[in-house]
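Please keep the viewer open as you read.

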Amino acid sequence: MPGESWSGSLPPLSDAQRELARRLEAHVRRIAVPRNLENYEALEDVRAYLSEAFEGYEVNALGYEAEGSMFYNLETACQGPCVVVGAHYDSVLDCPGANDNASGVAAVLELARLLKGVPGYRFVLFANEEPPFYRSPEMGSAVYVQGLSPGEVKAMICLETVGYYVNTPGSQQSPFPGIPDVGDFVCLVGDVQSTSLVQKLIGSWRSEVPFASLGLAPTPFTERHLYEAGMGMSDHANFWAAGIPAVMVTDTVFYRYQHYHELTDTWEKLTYEPFARMVDGLARVLARWTS
């Protein structure tokens, strides 16, 4: 991967980053309730909130039926070939799902706000990433990808469990050698076809964003290890399967966050100031990418 990850002290938060932290927390607190097939009324309540939270965008609700109920992917309009920036808005079983994945949803909402007027991006929130739909044809992103026209989407950025960063030694676990043992970095993960996309994003990140980063992309001989390590466990995998380069942006999920898929995954567990630094940094990278 190009460049070197940021190390050392972080600069003071700007006023804009403090406001971003406040906004991210407000979104997470509003979204973080059990919301899924078994908690359908709550899922629909969250969907209504999200439809209004894309400030200044036309939002399309793309409905489909599964298990006898209607579910909706939400997308903003985009002309011409676009890059999808997306996250799933459901939670697992009775879990509040603050980090998984209200954090990713909040990040998409704020990236949409920060990138308003930057051409080439479509912001999408997917239903039904979690069981019983996980890795099934009724997974929201699987339905979405099946409905795309050839060339409509040129790449995808998936925000998955992105709200937890700590600088304590031993706070980071890893299935791979050479990964730092301090969980203060954001991780960008791609498959073989997405290697150049990961390299471009991480190179831009490291040239201008003062926040620790890790880029991961396998060789053709090691790609199965990426899947075995759980790095294909979200909506980006459906874009990979369709031949569309995609990158998962994550805090590494269960390798760092002990509340993953637990009832304790509640809004106050997240670290909103570093979360805001990460979202602000990603917005800067994406703005430059299409400029």
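Which residues line the largest pocket?

## The largest pocket

Keep in mind that this is a predicted model. The lining of the largest pocket is made up of Trp6, Ser7, Gly8, Leu10, Tyr165, Val166, Asn167, Asp184, Phe211, Ala212, Pro274 and Arg277. The volume of this pocket is about 250 Å³.

Sorted by class, the residues around the largest pocket are 7 nonpolar, 3 polar and 2 charged.

## The second largest pocket

The second largest pocket holds about 170 Å³ of space. It is lined by 18 residues, and Glu129, Met233, Val253, Phe254 and Tyr260 are the closest to its centre. That lining divides into 9 nonpolar, 5 polar and 4 charged residues.

How many cavities of 30 Å³ or more does the model contain? The count comes to 1, and the space inside the largest cavity is about 80 Å³.

By class, the cavity lining has 9 nonpolar and 4 polar residues, with no charged ones.

## Helices α1 and α3

Now to the helices. Two packed helices are described by the angle between their axes and the distance between the axes. Helix α1, residues 15-31, packs with helix α3, residues 98-114, at an angle of about 135°, and their axes are 9 Å apart. That angle makes α1 oblique to α3. The two helices cross in a right-handed sense.

On the α1 side, the residues that meet α3 are Leu20, Arg23, Leu24, His27, Val28 and Ile31. Their partners in α3 are Ala98, Ala102, Ser103, Val105, Ala106, Ala107, Leu109, Glu110, Arg113 and Leu114. The contact of α1 with α3 has 11 nonpolar, 2 polar and 3 charged residues.

## Helices α5 and α8

Another packed pair is formed by helix α5 (residues 195-208) and helix α8 (residues 272-289), with an angle of about 115° and axes 10 Å apart. The crossing of α5 and α8 is right-handed.

Helix α5 contributes Leu197, Lys200, Leu201, Ser204, Trp205, Ser207 and Glu208 to this contact. From α8 come Met278, Gly281, Leu282, Arg284, Val285, Leu286, Arg288 and Trp289. By class, the α5 and α8 contact has 8 nonpolar, 3 polar and 4 charged residues.

Methods. Residues are numbered from 1 along each chain as its sequence is written. This is a predicted model: local features need pLDDT of at least 70, side-chain atom pairs count only at pLDDT 80 or more; totals for chains, interfaces and linings use all residues. Side-chain values use heavy atoms; hydrogens and water are left out. Axes are lines fitted to C-alpha atoms, for helices over the stretch in contact, and angles run from 0 to 180 degrees between N-to-C directions. Helices (H or I, at least four residues) and strands (E, at least two) are DSSP runs, numbered from the N terminus. Angles under 35 degrees count as roughly parallel, over 145 as roughly antiparallel, 65 to 115 as roughly perpendicular and the rest as oblique. A crossing is left-handed if the near helix is turned anticlockwise from the far one by less than a right angle, and right-handed if clockwise. Contact means heavy atoms within 4.5 Å. Ala, Val, Leu, Ile, Met, Phe, Trp, Tyr, Cys and Pro count as nonpolar, Asp, Glu, Lys and Arg as charged, and the others, Gly among them, as polar. On a 1 Å grid over the protein atoms alone, a cavity is a set of points where a 1.4 Å probe fits but cannot get out, and a pocket is an open set with protein on both sides within 12 Å along at least five of seven lines; lining residues have an atom within 4 Å of a point. Grid points are joined across faces, edges and corners, and a volume is the space filled by probe spheres set on the points.
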